[in-house]
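Here is a quick tour of one model, told through its rings, its charges and a couple of helices. Have the viewer open while you read.

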Amino acid sequence: MELTNKSWFQPPTFLLTGIPGLEFVQIWISIPVGFMYLVALLGNCTILFVIKTTSILHEPQYIFLSMLAATDVGLSLSTLPTVLKVFLLNHREIEFHSCLAQMFFIHTFSSMESAILLAMAFDRFVAICDPLHYTVVLTPPRIIGIGLIAVFRGVLLMVPLPILLKRLPFCKGVILSHCYCYHPDVMKLACGSVRVNIVYGLSLVLCSFAVDSIFIVISYILILKTVLGVASGDGQLKALNTCVSHIFTVFIFYVPLIVLALIHRFGTFTSPLLHVTMANLFLFMTPVLNPLVYSLKTKQIRSAMHKILKSRANFM
């Protein structure tokens, strides 16, 4: 078939993939998948509601947490339609432009999440290393500015991704490796030169995720240096305890992201099941676990939730 044939140059649809070898039980797998979406959406919306309605939580640390929760809601909503259709209805088709749009939102929210995690690391750095200037450094206008920078950076960096893919001819099939559209996964189906896509994709990783992770590590090195200078052992534990939730969140965000990127880079040496497993871990771990971690670990949020539930119960 000629490369210029319209059906090959721009396929009308792609086919998403569930779990290879387990297609006959995908309807049952949709139950825990749907439950994880429910936990992610309810948990993060609860965090947003509690922070918004509790005045004592209107502090930089919790405002950044509300940004993280909003980003997790956006990431979950970006993938929910296709994931549930694949597992619940075995409906694998996704229209070409819908795929590019979903890919844009997934990568944009991921970039935003990385930037917010960096902002939260900076918040902990200032709170522990320079507490006297905490309210001076992290003023409301600056917090808003940091949030807007995270949004604009994500959008500006990810806008070229669908544009660069749209110019390519596709003739290596239409079957994707995941139940959602992911840039390296879509790119591998193109039969034209993808050098520009590869270079730009690498630039994205270096300019956003790599830079963010390096500064997060530097922040915690400085935090650890400051904490170790505290004479009291109880003081050291108290200072580090304020960072535990954030450290765990950084870990569950970056580890699946790094492994998934490596799988797509060296995909010929891995099994399809590993592809799907890491793709789903990247999809669910952060949105599902973040609200659980912060609800269980942060006393102020637990207390605020208890007060809200108690007041609602008394009202009823």
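## Aromatic pairs

A search of the whole structure turns up 10 aromatic pairs. Phe, Tyr and Trp rings (for Trp, the six-membered one) pair if their centres lie within 6.5 Å, with planes under 30 degrees apart called stacked, over 60 edge-to-face and the rest tilted. Take F14 and F170: their ring centres sit 5.7 Å apart with the planes at 70°, so this pair is edge-to-face. It links distant parts of the chain, since F14 is in strand 1 (residues 13-15) and F170 is in the loop between helix 7 and helix 8, 156 residues apart. Helices (H or I, at least four residues) and strands (E, at least two) are DSSP runs, numbered from the N terminus.

F170 also pairs with F96, with centres 5.7 Å apart and planes at 75°, so that pair is edge-to-face too. F96 belongs to helix 4 (residues 96-129), so this contact ties F170's loop to a part 74 residues away in sequence. F14, F96 and F170 form one aromatic cluster. F14 and F170 are both buried, and F96 counts as buried at 1% relative accessibility. Buried means under 20% relative accessible area, exposed over 50%, and partly exposed in between (1.4 Å probe, protein chains only).

## What to keep in mind

This is a predicted model, where local features need pLDDT of at least 70 and side-chain atom pairs count only at pLDDT 80 or more, while totals for chains, interfaces and linings use all residues. Residues are numbered from 1 along each chain as its sequence is written, and side-chain values use heavy atoms, with hydrogens and water left out.

## Salt bridges

How many salt bridges does a search of the whole structure find? There are 3 salt bridges, each a side-chain nitrogen of Lys or Arg within 4 Å of a carboxyl oxygen of Asp or Glu. R124 bridges to D123, with the closest N and O atoms 2.9 Å apart. R124 is buried at 7% relative accessible area, and D123 is buried at 2%.

D212 and R153 meet at 2.8 Å, N to O. That pair links distant parts of the chain: D212 is in helix 9 and R153 in helix 6 (residues 140-158), 59 residues apart. D212 is buried, at 2% relative accessible area.

K188 and D185 form a salt bridge at 3.1 Å, N to O. K188 is partly exposed, with a relative accessible area of 41%, whereas D185 is buried at 0%.

The side chain of K188 also makes a polar contact with that of S177, at 2.4 Å. Such a contact is a pair of N or O atoms within 3.5 Å; within protein, one must be able to donate a hydrogen and the other to accept it, and residues adjacent in sequence count only if both atoms are side-chain atoms. S177 sits in the loop between helix 7 (160-166) and helix 8 (183-187) and is buried, at 14% relative accessible area. Leaving aside residues up to four places away in sequence, S177 touches T17, D185, K188, H275 and V276, where contact means heavy atoms within 4.5 Å.

Helix 3 (residues 60-89) has 30 residues and reaches 43 Å from its first C-alpha to its last, close to the 44 Å expected; the expected span is 1.5 Å times one less than the number of residues. After helix 3 comes N90, with a positive phi near 55°.

L222 is in helix 9 (residues 195-228) and is partly exposed at 37% relative accessible area.
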